[in-house]
Amino acid sequence: MRRPRLNSLSSRLLLSVSVLLLFFFGATIFVLDRAFTEAGEQARQDILDGHIIALLAAAEPDDYGKLVMPERLREPRFQRVDSGLYAELRHFDGPLVWRSRSTLGLDIPEGARPTLGTQAFAREFLADGTPLLTLSLAVDWELEDGDSQPYVFKVAESMDGFNAQIASFRGQLFGWFAGVALTMLLAFSMLLRGLLQPLRQIETEITEIEEGDRVSLSGEFPTELTGVARNLNLLIDSERARSDRYRYTLDNLAHSLKTPLAAMRALLNDRHDDDFDARYNEQIDRMDEIVRYQLRKPAAAAADKLVLVPVSVEKEIGRLVEGMRKVYRDKNPDFDVRIEKGMQFRGDTGDFLELAGNLLDNACKWCEHKVRIVVVPSVSASAVASGMILTVADDGPGIPKDAADALLQRGMRLDESTPGHGIGLAVVKDIARSYGGQLSIHEAADLGGAEITVSIPPVSPGKAG
Amino acid sequence: MRLLVIEDDATLRESLSRKLTEGGFAVEQAADGKEGLYFASEYPIDLAIIDLGLPEVSGLDIIKQVRADGHSYPILILTARDRWEDKVDGLSAGADDYVVKPFHFEEVSARVNALLRRSGGWASSVLTAGPMTLDMSRQEVSVNDTTVDLTSFEYKIMEYLMVRAGKVISKAELTDRLYDQDFERDSNVIEVFIGRLRKKLDPDNTIKPIETLRGRGYRFALERNQVD
């Protein structure tokens with residue numbers, strides 16, 4: 001979820017800049033293209049003008065008062081067949097007088113005739129479709145005898161070369177501008193990256209806090225963001241303090257309730273009145289159970305994942321097993337501990353000890369001799385932190401199916417002679433639930449006793465707890 | 001056996017101490033952590049019962065200090081904070097077992113006896129050495145499967161010596177550990193009891209369970225039949 005959110009900010013900016021560049025460069029290309037084309041055409045027209053003047057200079061009336069053109073013209077292209085430069089001379093009425101040699105095999109279109117004494121440019125086409133720029137000049141040629149004859153001089157030039165030139169110009173124009181635009185976009189996106197870097201850093205650090213690798217935001221942000229970072233840190237701190245306070249209050253409450261309960265029990269026992277004792281002890285037991293269960297709620301229940309820290313499973317299980325070895329020294333259970341190297345539980349240390357401690361204690365209480373603890377991570381592709389599957393098995397009598405169901409339903413005692421079995425599992429169930437996990441009870445296939453599994457799912461990004 | 005009870009709740013502390021005294025232990029009482037730490041460090045103690053939630057110095061700190069000073073007697077913690085975090089912290093600091101409040105006295109008594117026996121190197125609560133058997137839970141001594149009728153004080157001496165089988169125990173230690181503070185001390189009483197014990201356990205003087213080391217004290221001399 002987080003990547004696209006950040007990207008949308010930068011991609012939005014990049015998109016706007018791209019549109020602006022496209023518009024600006026498009027207009028520039030259009031204007032440059034027009035200017036180049038027009039200048040080119042003007043130059044072509046000037047050249048045609050020059051050719052017409054040269055033709056006029058070369059034309060001579062013959063002895064019969066008719067205009068004739070010399071064998072050779074100064075412009076060699078008129079002589080070369082298919083050179084792309086053509087000329088012809090007509091009587092104003094239409095009949096052809098002369099054609100340049102270059103027109104051999106071609107038919108220059110007659111085109112519109114300008115009025116006498118004027119010249120006109122036109123765009124015409126050869127029969128094969130070659131575009132031509134033509135200039136026609138209609139003159140009234142005065143002869144020596146004072147008579148005059150109307151003639152039309154016409155030069156035409158193939159536009160093929162010119163068009164090719166324009167195309168090549170356009171190609172270059174587009175190429176250069178595309179290059180410049182790309183470079184600019186690249187530079188801009190790098191600039192943007194630099195500018196948005198602090199935001200990315202905040203995001204990374206929040207992820208690290210969520211994953212438990214970091215306690216608070218570093219505070220090394222540009223001035224515009226220090227306020228945000230500070231407030232986030234305050235929020236995280238107050239959330240942590242709240243969670244600590246919650247647990248501290250519960251612990252104190254439990255402590256201050258249970259010592260008087262213990263004293264009451266001691267006082268009762270001093271009375272040496274068995275019936276009275278039994279009845280009151282029962283009430284004390286009930287109160288004790290209520291205190292134990294209700295005040296041992298998971299610490300992380302009220303907490304957001306920002307307060308969670310990684311707990312070294314190996315270390316804590318190690319401490320628990322050492323403790324169990326002391327407490328169950330007479331029984332001396334054989335512990336088989338299998339924990340994936342570097343395995344971590346993301347949550348509250350107290351909660352983890354509560355999960356594992358209750359399961360281990362039950363297993364030690366019920367086992368014949370063997371207790372097995374297996375902890376493996378549960379992973380999913382999208383998770384930011386892996387979950388945990390904690391399985392504790394023993395070779396004791398096991399838990400019958402209906403009793404297991406009852407245990408899972410509520411904190412019911414399975415056996416009055418081992419107090420707290422039910423409460424322990426009920427606490428485990430509550431804690432597992434507060435982490436979105438669950439508790440299941442099976443029969444250990446190889447050991448023959450109970451096998452209790454707590455599965456805590458992996459933490460997905462952006463989802464609490 | 002001299003026990004130390006550190007508990008700030010007066011009713012609980014006194015009741016617990018009284019019952020332990022009735023059970024044949026000599027009991028020192030401390031009402032806060034500071035006093036408790038003093039007793040725990042300075043007095044000859046066989047076992048300490050320490051509440052974790054104490055004023056002045058926390059139970060956890062007392063345990064750490066006691067262990068840092070090199071005392072190895074067993075420590076039983078009382079805790080009202082039923083979280084495993086607290087229990088594990090206590091056990092890691094050097095405690096040997098825990099009892100959660102509100103406890104039944106029998107639970108405490110059973111743990112205390114088990115810890116004392118273990119600290120003497122016995123794995124089971126039934127200690128056997130040669131033809132002798134001492135059952136701590138039933139407080140019975142038998143020789144060649146015949147129960148010997150002992151008074152509670154005789155049993156205490158026997159248990160103290162047998163739990164520490166092989167070690168020399170001075171008369172002073174015996175009076176110290178077996179009498180309560182205010183009891184009138186007289187080392188002759190110990191000699192009398194030892195004499196009576198020898199007669200009851202070994203009328204024909206063949207197995208010689210208790211050895212006298214002149215000027216040093218007594219020693220339970222039979223080989224243990226079980227090793228921890």
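This is a predicted model: local features need pLDDT of at least 70, side-chain atom pairs count only at pLDDT 80 or more; totals for chains, interfaces and linings use all residues.

Me: What makes β11(A) and strand β12 (residues 387-394) of chain A paired strands?
Reply: Strands are DSSP runs of E with at least two residues, and helices are runs of H or I with at least four, both numbered from the N terminus. Two strands pair if DSSP finds at least two bridges between them. Eight bridges join β11(A) to β12(A), and the two run antiparallel, so the pair meets the criterion. In this pairing, I373(A) has V392(A) of β12(A) as its bridge partner.

Me: Which strand pairs with β11 (residues 370-378) of chain A in the parallel sense?
Reply: That strand is β9 (residues 334-339) of chain A, with six bridges to β11(A). I339(A) stands opposite V375(A) in β11(A). Chain A has eight helices and 14 strands.

Me: Why is E157(A) called buried?
Reply: A residue is buried if 20 or more other C-beta atoms, placed from the backbone, lie within 10 Å of its own, exposed if 12 or fewer, and partly exposed in between. E157(A) has 23 such neighbours and therefore counts as buried. E157(A) belongs to strand β7 (residues 148-158) of chain A. Of the 465 residues of chain A, 27% count as buried.

Me: Which residues is E157(A) in contact with, leaving aside neighbours within four places in sequence?
Reply: Contact requires C-beta atoms, placed from the backbone, to lie within 7 Å. The partners of E157(A) are R44(A), L48(A), G84(A), L85(A), L132(A) and L133(A).

Me: What makes a set of residues a nonpolar core?
Reply: The members must be buried Ala, Val, Leu, Ile, Met, Phe, Trp, Tyr or Cys residues joined through C-beta atoms within 7 Å. The largest such core has 111 residues, and L360(A) and L3(B) have the most contacts inside it. Its largest share, nine residues, comes from α6(A). Apart from this core lies another of 17 residues, including L55(A) and Y86(A).

Me: How many residues does each chain give to the contact between chains A and B?
Reply: Chain A gives 31 residues and chain B gives 27. The largest share of the side of chain A, 13 residues, comes from α3(A).

Technical notes: Residues are numbered from 1 along each chain as its sequence is written. Chains are lettered from A and ligands numbered from 1 in the order in which they are written. Two residues are in contact if their C-beta atoms, placed from the backbone, lie within 7 Å.
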